[in-house]
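Hi,

Here is the structure I promised to pass on to you.

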Amino acid sequence: MADPFLSIQNVKKSFGNVAVVKDFNLDVGAGEFVSFLGPSGCGKTTMLRIVAGFEEPSAGKVMIGGKDVTGLKPNQRNIGMVFQAYALFPNLTVAQNIGFGLKVAGMPKAEAQARVAEMLNIIKLPDFGDRYPYQLSGGQQQRIALARALAPKPKLLLLDEPLSALDAKVRISLREEIRSIQKKLGITTIFVTHDQEEALSMSDRIVVMNEGRADQTGTPFEIYNRPSTKFVANFVGTLNVLEGTISDAASGTVKINAEEIGLKGKLNGSKSGDTLSFALRPEAIALGRKAGNDSSLTGQIADVHFLGSVIRVRVGIGPNMVSLDTFNSPNSPPPAVGEKTEISFSSGDVLVLH
Ligand SMILES: Nc1ncnc2c1ncn2[C@@H]1O[C@H](COP(=O)(O)OP(=O)(O)OP(=O)(O)O)[C@@H](O)[C@H]1O
Ligand SMILES: [Mg+2]
């Protein structure tokens with residue numbers, strides 16, 4: 001990246017002798033929205049706290065706007081932060097909460113009031129200034145926390161699982177709201193989450209973290225369709241994994257449950273006789289033979305869930321279980337459990353998990 005706004009370079013962090021962040025590198029462009037996605041304990045919050053300046057890295061550096069900020073305190077970094085717990089001041093009104101950073105910075109009162117009113121409009125709660133936090137729903141409290149973080153016009157917004165304490169519906173609407181405010185203000189943002197759907201739907205790019213490392217960094221499309229490690233493939237999205245044995249490496253022939261499929265050019269140095277895992281996303285598999293699909297396997301319907309527009313079918317392929325979705329069609333009833341069936345797919349869609 002030519003001129004990254006945020007640059008995290010060779011950062012490591014240990015607590016005692018436990019390495020929590022292991023050689024983390026990332027460049028984030030101005031205005032970009034990047035998510036840190038990974039399971040609990042993989043080091044997301046620690047990495048975010050290092051960017052914020054609440055934690056000092058054991059090695060490496062953090063650059064913001066071309067300047068090395070590694071030794072600077074959080075309040076010298078021009079950042080806004082929102083945490084998982086709402087963390088509003090309970091004894092202050094909404095307006096006082098949003099204006100808190102402005103007051104600390106010594107902004108004249110009239111100017112601060114105008115800025116608070118502007119923020120209340122941006123988060124679509126214009127008449128809430130005189131309320132206290134206990135008079136707000138969880139979703140409203142998180143919008144106030146966002147407004148408070150944005151009021152001093154920070155250059156970098158850091159969000160640590162800001163939606164995880166909210167119920168599913170509020171979470172989805174707030175997701176869209178945060179993203180639209182972020183775009184409107186053009187503020188560079190790092191968003192921490194362990195929710196893959198949240199990361200996929202909101203981000204320009206995602207960093208998938210695994211045990212203190214960035215396993216893969218890419219757009220949601222790249223991460224989902226071209227996962228570079230087994231961990232990423234499994235963590236992001238639903239994946240069907242089939243065990244197979246290479247019967248002829250030269251021609252790319254692979255045996256899965258006594259049937260053969262061709263995966264020429266995908267076996268990447270593996271030898272005949274090697275056992276590998278092959279993965280397919282549910283949407284890459286068709287029930288029955290579909291025109292254009294060059295590969296097929298025989299199986300048996302294990303269960304059928306009628307969900308309305310979509311029917312989710314699980315098919316047993318020997319010891320492997322494969323999940324796929326078909327669209328409902330009023331003129332053809334769903335298959336019956338126990339029925340023999342074929343599944344088909346394009347060999348180009350098979351992910352080989354090395
Ligand atoms: N101050 C600390 N002292 C010692 N160990 C710590 C400290 N802070 C974090 N850790 C450890 O570092 C590891 C990573 O923690 P971190 O909070 O970064 O994970 P996370 O990815 O944010 O997880 P979650 O999704 O659960 O929030 C954990 O094993 C945690 O126990
Ligand atoms: Mg965390």
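Below is what I found, starting with the whole protein and ending with a few single residues.

Please keep in mind that this is a predicted model. The protein has 354 residues, and 48% of them count as buried. Its fold holds eight helices and 20 strands. The C-alpha trace spans about 75 × 50 × 35 Å along its principal axes. If you take contacts between residues at least 6 apart in sequence, 66% of them join residues at least 24 apart.

- From Thr-46, a polar side-chain atom lies 2.6 Å from an oxygen atom of the ligand.
- From Lys-44, a side-chain N or O atom is 2.8 Å from a ligand oxygen atom.
- From Cys-42, a backbone N or O atom lies 3.2 Å from an oxygen atom of the ligand.

Taken alone, ligand 1 exposes 640 Å², and the protein buries 56% of that.

Glu-161 sits in the loop between β7 and α5 and is buried, with a relative accessible area of 10%. Asp-23 has a positive phi as well, near 50°, and is likewise a residue other than glycine. Its place is in strand β2 (residues 18-28), and at a relative accessible area of 35% Asp-23 is partly exposed.

Next, helix α4 (residues 138-150). This helix has 13 residues and reaches 18 Å from its first C-alpha to its last, close to the 18 Å expected at 1.5 Å a residue. Is α4 mostly enclosed or open? Twelve of its 13 residues are buried, so the helix is largely enclosed by the rest of the structure. Among those buried residues are Gly-139, Arg-143, Ile-144, Leu-146 and Arg-148. What do the buried residues of α4 pack against? Their partners are β6 (79-82), α2 (94-104), α3 (109-122), β7 (156-160) and α5 (168-185).

Gln-142 is part of helix α4 and counts as buried, at 3% relative accessibility. A polar atom of the Gln-142 side chain lies 2.9 Å from the backbone oxygen of Phe-83.

Finally, a word on Asn-78, which is found in the loop between β5 (67-68) and β6. Asn-78 is partly exposed, with a relative accessible area of 40%. Leaving aside neighbours within four places in sequence, Asn-78 is in contact with Lys-153, Pro-154, Lys-155 and Leu-156. In contrast, Asn-78 and Ile-261 are 56 Å apart in space, C-alpha to C-alpha, and 183 residues apart in sequence.

Happy to go through any of this with you.

Best wishes

Terms used: Residues are numbered from 1 along each chain as its sequence is written. Chains are lettered from A and ligands numbered from 1 in the order in which they are written. This is a predicted model: local features need pLDDT of at least 70, side-chain atom pairs count only at pLDDT 80 or more; totals for chains, interfaces and linings use all residues. Side-chain values use heavy atoms; hydrogens and water are left out. A polar contact is a pair of N or O atoms within 3.5 Å; within protein, one must be able to donate a hydrogen and the other to accept it, and residues adjacent in sequence count only if both atoms are side-chain atoms. Accessible areas come from the Shrake-Rupley method with a 1.4 Å probe; for residues, only the protein chains shown count as cover. Helices (H or I, at least four residues) and strands (E, at least two) are DSSP runs, numbered from the N terminus. Buried means under 20% relative accessible area, exposed over 50%, partly exposed in between (1.4 Å probe, protein chains only). Contact means heavy atoms within 4.5 Å. The expected span of a helix is 1.5 Å times one less than its number of residues.
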